[in-house]
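This report describes selected strand pairings, salt bridges and surface features of one protein model. The sequence and structure are shown first.

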Amino acid sequence: MGTLQLEVVTPDRTVVSAEAEMVVCPGVEGEFGVLPQHVSLLSALKVGTLLYRVSGKDEHLFISGGFADVNNNVMTVLAESAERAADIDTARAQAARDRAEKRLAASDDSVDTARAEAALTRAVNRLRIAGLR
Ligand code: ATP
């Protein structure tokens, strides 16, 4: 069935550059799969797991939202941050989760609730993906 070229890029680096047999993305309107020779597509992504298969092996990647573009059998994912499961620092994610939970529990007017909720979502997703490695 062939492959599609997957490129996952953050402001710092290219995190993945691979020939993938399939990709599953956390689209803002729900998960969607991309197979080789997919029609052109542009979608916003939410925080979650990007799953991709290379040589029959599934890999899990944390992404903090962003955009996916599919064109001419190349899929480009632009994300503010992206980490392979094996590269996630679980102690750091636990600390981020605890910090966010404390801020949300404080119910203090100085707490930016949306920011704390977003940090909590990133931390919980990182911990879940790290658990898959
Ligand atoms: P923290 O509060 O720990 O900084 P955060 O969710 O605010 O977490 P981001 O803004 O998403 O962090 O990411 C900043 C940079 O740090 C990115 O390069 C990201 O890949 C990296 N990063 C953040 N948390 C982790 C982690 N637990 N393991 C590995 N890299 C991480």
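A residue is called buried when its relative accessible area is under 20%, exposed when that area is over 50%, and partly exposed in between. The model is a predicted one.

The side chain of Arg126 meets that of Glu83 in a salt bridge, with an N to O distance of 2.7 Å. This pair links distant parts of the chain, 43 residues apart: Glu83 lies in strand β8 (residues 82-84) and Arg126 in helix α2 (residues 113-130). Glu83 is likewise buried, because its relative accessible area is 14%.

The model has 4 salt bridges in total. Among them are the following.

| Salt bridge | N to O distance |
|---|---|
| Asp58 and Arg53 | 2.6 Å |
| Lys57 and Glu59 | 3.5 Å |
| Glu83 and Arg126 | 2.7 Å |

How accessible is Asp58? Asp58 has a relative accessibility of 32% and so counts as partly exposed. Its partner in the salt bridge is Arg53, and Arg53 is also partly exposed, at 29% relative accessibility. Glu59, which meets Lys57 in a salt bridge, has a relative accessible area of 26% and is therefore partly exposed.

**Strand pairing**

Strand β5 (residues 41-54) pairs with strand β3 (residues 22-27) in the antiparallel sense over 4 bridges. In this pairing, Gly27 stands opposite Leu45 of β5. Strand β5 is also joined to strand β6 (residues 57-71), again antiparallel, by 13 bridges. Here Thr49 stands opposite Phe62 in β6. Strands β5 and β6 form a hairpin with 2 residues between them, and Ser55 in the turn has a positive phi of about 50°. In a regular strand, side chains alternate between the two faces of the sheet.

**Surroundings of Gln5**

Gln5 belongs to strand β1 (residues 4-9). Which side chain makes a polar contact with the side chain of Gln5? The partner is Ser17, at 3.5 Å. Leaving aside residues up to four places away in sequence, Gln5 touches Ser17, Ala18, Glu19, Asn73, Val74 and Met75.

**A nonpolar patch**

Leu42, Phe67 and Leu78 make a nonpolar surface patch of about 340 Å². Leu78 is located in strand β7 (residues 74-78). With a relative accessible area of 47%, Leu78 counts as partly exposed; membership of a patch requires over 30%.

Key. Residues numbered from 1 in each chain as written. Predicted model: local features only at pLDDT ≥ 70, side-chain atom pairs only at ≥ 80, totals over all residues. Heavy atoms only, no water. Patch = residues over 30% accessible without salt bridge, like charges linked within 9 Å, V, L, I, M, F, W, Y side chains within 5 Å. Areas by Shrake-Rupley, 256 points an atom, 1.4 Å probe, with all protein chains shown as cover. Buried < 20%, exposed > 50% of the residue type's maximum accessible area, 1.4 Å probe, protein only. Polar contact = N/O pair within 3.5 Å; in protein donor to acceptor, adjacent residues only side chain to side chain. Contact = heavy atoms within 4.5 Å. Pairing = 2+ DSSP bridges.
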